[in-house]
Amino acid sequence: MTIVNRVTSLIALCLALSTVSASADDARLEAAKKEGKVVWYTSLALSSAEKVAKLFEAAHPGIKVEVHRTGSQRVLQRVMQELGAGIKNADVIHTSDAGHFVLLKEKKLLMKYTPAGVERFPAGFKDKDGYHYGLRATVNVIAYNSQVVPAADAPRTWKDLLDPKWKGKLVTAHPGYSGVISTHVLALVHLHGWEYWKQLAQNKPMLVQSAVDPSGVVASGERPVAADGGHYTFYQVKKKGNPVEIVFPKEGVPLVVSPSAIMSFAPHPNAAKIFTDFVFSRELQQFLADSEGLYTGHPDVRYPTDRPALSELHLLQVDAEELEKRNEEIKTRFVELFGA
């Protein structure tokens, strides 16, 4: 796509999103403008989160987005620590650990709010009681640097990563930081047991924090193979011309649905509702699919032909309540096995 076409597409998107804004309740929109901003705690990759924020601000002049981006586990930790100190800062929370939303809902920390159109989302993308909805989804994959690893030698299954030839050549993200990786760990425990993780640890993978981080490590060649990581991050670095190839293991890829919700104590409740309507609009959901390489629950979104549809993949799904109950076990066992 040429620069002119990119600019033209962005202008068209902003105009379309402005139409979404115009359809919002006028009184609420005016109230949101008086509030002046929405504070967004998110685990979405920073570059992606900043794009969403800029598109929102372009469509809603007078309302700023204050982006606070970190890993899923730290997003939740920060919210709970702030509440413990009497600080109510976050308006909208978005992480990749669905278990967080089970916990927050139980503690009555979420506002019941249903953005337009989400009733058509699949069951796995919406809370039956209307407190949270899946903003986006990704799958965990294997990836490798094609300048270092020939295609014929690349790992094709999760168990291929256990081969001693990969010792000192792998990178993995950490479930103590990343909700994407917490989900991934539990999905593979279901598939291969904790023995799989014990054997993977013997290959001494490089440990990074976020599920975003392995893509940069592989692209640079610092470690030529990623044992996990969000597909969309590898997709983005590959689109930029980096020598990164993506493998969707045939025994299944963990599906990570990342919910979004408004906090019950949101200091800018009207802006939070306007922002939530915006991010669940078909136009923004299509942007996430086209520009950022993400999957969504919106039934009208169409995907580029350079990646498989979710229906073409064998998806490994994890129950959100089990994820919440086993969260500490996952982190503790991982640290015991990997030493950090």
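Me: A residue counts as exposed when its relative accessible area is over 50%, and as buried when that area is under 20%. The model here is predicted. Is K204 buried or exposed?

Reply: K204 is found in the loop between α7 and β8 (206-207). Its relative accessibility is 53%. The cut-off is over 50%, so K204 counts as exposed.

Me: What is the phi of K204 near?

Reply: Most residues other than glycine have a negative phi. K204 is a residue other than glycine, yet its phi is positive. The value is near 50 degrees.

Me: In which loop is K108 found?

Reply: K108 is not a glycine either, and it has a positive phi of about 60 degrees. With a relative accessible area of 69%, K108 is exposed. K108 is found in the loop between α5 (98-106) and β4.

Me: How many of the nine residues of α5 are buried?

Reply: The buried residues are A98, G99, H100, F101, V102, L103 and L104. They pack against α4 (72-84), β3 (92-94), β4, β11 (253-263) and α12 (320-325). α5 is mostly covered, and its count of buried residues is seven.

Me: How far apart are the end C-alpha atoms of helix α3?

Reply: Helix α3 covers residues 46-59, which is 14 residues. At 1.5 Å a residue, they should span 20 Å. The separation in the model agrees with that: the end C-alpha atoms are apart by 20 Å.

Me: Within what arc do the buried residues of α3 fall, seen down its axis?

Reply: In α3, the buried residues are S48, A49, V52, A53, L55, F56 and A59. Seen down the axis, they line one face of the helix, because the arc within which they fall is 165 degrees.

Me: At roughly what angle do the axes of helix α6 and helix α7 cross?

Reply: Two packed helices are described by the angle between their axes and the distance between the axes. For α6 (residues 179-192) and α7 (residues 194-201), the axes come within 6 Å and the angle is roughly 110 degrees. That makes α6 and α7 roughly perpendicular, since the range for that word is 65 to 115. The crossing angle is thus roughly 110 degrees.

Me: How many residues of the contact of α6 with α7 are charged?

Reply: On the α6 side the contact is made by H184, V185, L188, V189 and H192, and on the α7 side by W194, E195, Y196 and W197. Six of these residues are nonpolar and two are polar. The number that are charged is one.

Me: Which residue takes a positive phi just after α8?

Reply: In helix α8 (residues 213-220), the buried residues are P214, S215, V217, V218 and A219. Among the elements they pack against are β6 (142-145), β7 (170-172) and α9 (231-239). Just after α8 comes a positive phi of about 85 degrees, taken by G221.

Me: What distance separates the C-alpha atoms of A116 and L170?

Reply: A116 has its place in the loop between β4 (110-111) and β5 (133-139). At 63% relative accessibility, A116 counts as exposed. A116 and L170 are 54 residues apart along the chain, and their C-alpha atoms are separated by 43 Å.

Methods
Residues numbered from 1 in each chain as written. Predicted model: local features only at pLDDT ≥ 70, side-chain atom pairs only at ≥ 80, totals over all residues. Heavy atoms only, no water. Helix = DSSP H or I, 4+ residues; strand = E, 2+ residues; numbered from the N terminus. Expected span 1.5 Å × (residues − 1). Buried < 20%, exposed > 50% of the residue type's maximum accessible area, 1.4 Å probe, protein only. Arc of directions from axis to C-beta. Axes fitted to C-alpha atoms, helices over the stretch in contact; angles between N-to-C directions. Parallel < 35°, antiparallel > 145°, perpendicular 65-115°, else oblique. Contact = heavy atoms within 4.5 Å. Nonpolar A, V, L, I, M, F, W, Y, C, P; charged D, E, K, R; others polar.
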